[in-house]
Amino acid sequence: MAEIYSSSAAGLYVRLARLLCETDCLTEALLGQLADLPTGATIIEIGSGSGDLAREVLGRFSFNYVAIEPSPEMVQHMPAQLVSDTRFTLIQEPFEKYLGEAGSAHAVISRYVIHDYPDDAAAWYGKIRDLLVPGGIFFNLDLALADNPQDTAENMDRIVQIATNLEVNSADEERAKDDLVEHLKHEIKQYMQVSRHLNQLRQVGLEPMLIGREENNYLIKAGKPVSPEVR
Ligand SMILES: C[S@@+](CC[C@H](N)C(=O)[O-])C[C@H]1O[C@@H](n2cnc3c(N)ncnc32)[C@H](O)[C@@H]1O
């Protein structure tokens, strides 16, 4: 887990993420896709952060929602109303350690997490496949390598600029702001290559499609076949 999510920078990060997600059409597209799931469906979110996506999902749908989030600092920023929602279960451990029941999730979702695991993503995908029910779907909204490197650089500059201008509420946060900006610069190097991830998903037997792209972000939908392929 990156330092930023376990330090006093976590609070700043949460505010920055909210600012950026306000204009994020891909999140809206992801929420639209969930509308096809049945009432009472089980959703697992990997790296739920402060629970912003969970709040949106449970505000619109009646699902059982399992949020996996290892950082105590991020968890502290979850709204009390979400944590006390009987449909919501919080698992405070890294996804690598999560022992969920195989075939229990109608959907697994993840937003802006997997780019931090370039080498482990294939192992994560295998585990996600096992957690899904037959016909279940994995959605990954994440950073992508832009076609034009100049666009990538400009977009990241914009994000770093927004982070630099965030108002701070304490001397701790003032120091944490430098960590946050350094972390964002590091993230520039962590872009996922979409085609590599589509291939890794195919290799574990999921059927991926790129269903949305916006600036440097993309949304992949990957379905688990209803029955194993007969050869
Ligand atoms: C960039 S933030 C995204 C938060 C949230 N998904 C959102 O869209 O606002 C990445 C999140 O992944 C969490 N994370 C880091 N390592 C993880 C791991 N091994 N398993 C699950 N979550 C992890 C971090 O603590 C952090 O909350």
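This report describes the sheet, the helices packed on it and the ligand shell of a predicted model.

Seven strands build an open sheet with mixed pairing, in the order S3-S2-S1-S4-S5-S7-S6. Strand S3 (88–91) and S6 are the edge strands; each has a single partner strand, so one side of each has no neighbour in the sheet. On average, neighbouring strands of this sheet are turned by 15 degrees against each other, direction ignored. S6 and S7 run antiparallel and are joined by seven bridges. Glu214 has Asn217 in S7 as its bridge partner.

| Helix | Strands touched or crossed | Angle |
|---|---|---|
| H3 | S1 (42–46), S2 (64–68), S3 and S4 | about 180 degrees with S2 |

Helix H2 (residues 25–34) has Leu26, Thr27 and Leu30 as its buried residues. These lie on the same side of H2 because they cover an arc of only 105 degrees around the axis. The exposed residues Cys25, Glu28 and Gly32 sit on the face turned away from the buried side of H2. What do the buried residues of H2 pack against? Their partners are the helices H1 (9–21) and H3 (52–60), together with the strands S4 (105–111), S5 (132–143), S6 (207–214) and S7 (217–223).

The ligand is surrounded by 20 residues, of which Tyr5, Gly47, Gly49, Ser71 and Pro94 are the closest. By class, this shell around the ligand comprises 12 nonpolar, four polar and four charged residues.

Terms used
Residues are numbered from 1 along each chain as its sequence is written. This is a predicted model: local features need pLDDT of at least 70, side-chain atom pairs count only at pLDDT 80 or more; totals for chains, interfaces and linings use all residues. A residue is buried if 20 or more other C-beta atoms lie within 10 Å of its own, exposed if 12 or fewer, and partly exposed in between; C-beta atoms are placed from the backbone. Helices (H or I, at least four residues) and strands (E, at least two) are DSSP runs, numbered from the N terminus. The arc is that of the directions from the helix axis to the C-beta atoms. Two residues are in contact if their C-beta atoms, placed from the backbone, lie within 7 Å. A residue is near a molecule or strand if its C-beta atom, placed from the backbone, lies within 6 Å of it. Ala, Val, Leu, Ile, Met, Phe, Trp, Tyr, Cys and Pro count as nonpolar, Asp, Glu, Lys and Arg as charged, and the others, Gly among them, as polar. Two strands pair if DSSP finds at least two bridges between them. Axes are lines fitted to C-alpha atoms, for helices over the stretch in contact, and angles run from 0 to 180 degrees between N-to-C directions.
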